Amino acid sequence: MQFIDEAKIFVKSGKGGNGCVSFRREKFVAKGGPNGGDGGNGGDVVIISDSQMSSLLDHRYKKHYNAKNGENGRGKDQHGKNGADLIVPVPIGTIIKNLETDEILGDLTEDKQRLIMAKGGRGGKGNSRFTSSTNRAPRFATDGKDGEEFEIGLELKILADVGILGFPNAGKSTLISKISAAKPKIADYPFTTLVPNLGVVEYGGYKTFIIADIPGIIEGAHEGVGLGIQFLKHVERTHLLIHMLDLTPMPDRTPIDDYEKMNNELESYSKELSLKPQIVVLNKIDIMDSEKTSSEVENYFNYLGVEVLKISAITGEGTKDLVYKVA
């Protein structure tokens, strides 16, 4: 399925039905009084989170959501039927925003969580509602109220306990495929991962945590370089970050440079994001010439007082220790 994490939709609740002006017309009843019924209320537009949905793809194709209008009132004191509510399902983790003010209207982080986005209009009153001692035969009723209508923004931020960060080809997808049942696409060219991959990691018997491979973060990502900020937002909900560094010798990059650049990107995007706890992981210890690079990098982190773990995502060496460290 194509991963879509942003959409704009237009929602409109139902209009209330009009009240009815009616009088009793019965044989042998000399003075039939008013018996006009009320109009029904318009239907609400309700947004509800659905664990079966994984993206906002549906809302890219269907953009207008209109709830049903309430029925008009009728004679014989018959009230109009209320308009049916319209249910709009979205994935768990969806934020609903007012596009004009950028105000967050709701944040659906649990399954079956509901948000009434547009309240239906109230039905009008029939003339039987207006009888009094001074007005025995009112010849008027009220109209139903219009429903609410909004253009809103939907933004999906995936829910994961742990996010894996790293420059392209650092081994993020390989790691998630090794420690979970996720099967992400893996290749040796940049931006193999174009959507976040989620995996469930088991440890200590029946305990689990959810891990996400966050793609598209390179130098300048907070300004839109590469895949830009499109996926930086998905890191915001995580509790912990695994910061993967590639030990492969490269002429124009070093693991230390990558570490500093990545953290600069996080801080430029969000100060809060840069303060999340990190586990620094040196990957690809299985390759030739990695030992010398590893030693230099470890000295750097020892100077900073940062603990590092060494793994080979492709062979699985050190990954069990990493899982328990994360847990």
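## Helix packing

Angles under 35 degrees count as roughly parallel, over 145 as roughly antiparallel, 65 to 115 as roughly perpendicular and the rest as oblique. In this predicted model, local features need pLDDT of at least 70 and side-chain atom pairs 80 or more, while totals for chains, interfaces and linings use all residues. Residues are numbered from 1 along each chain as its sequence is written, and side-chain values use heavy atoms, without hydrogens or water.

Let's start with α2 and α6, which pack at about 85° with axes 11 Å apart; they are therefore roughly perpendicular to each other. Axes here are lines fitted to C-alpha atoms over the stretch in contact, with angles from 0 to 180 degrees between N-to-C directions. From α2, L175, K178 and I179 meet T319, L322 and V323 of α6, where contact means heavy atoms within 4.5 Å. Helices (H or I, at least four residues) and strands (E, at least two) are DSSP runs, numbered from the N terminus.

## The largest core

A nonpolar core joins buried Ala, Val, Leu, Ile, Met, Phe, Trp, Tyr and Cys residues through side-chain atoms within 4.5 Å; buried means under 20% relative accessible area, exposed over 50%, partly exposed in between (1.4 Å probe, protein chains only). The largest has 21 residues, and L175 and L322 are among those touching the most other members. Both α2 (172-179) and α6 (319-326) are among the elements that each supply at least two of its residues.

## Aromatic cluster

Y203, F209 and Y324 form one aromatic cluster. Rings of Phe, Tyr and Trp (its six-membered ring) pair if their centres lie within 6.5 Å; planes under 30 degrees apart count as stacked, over 60 as edge-to-face and the rest as tilted. The structure holds 6 aromatic pairs.
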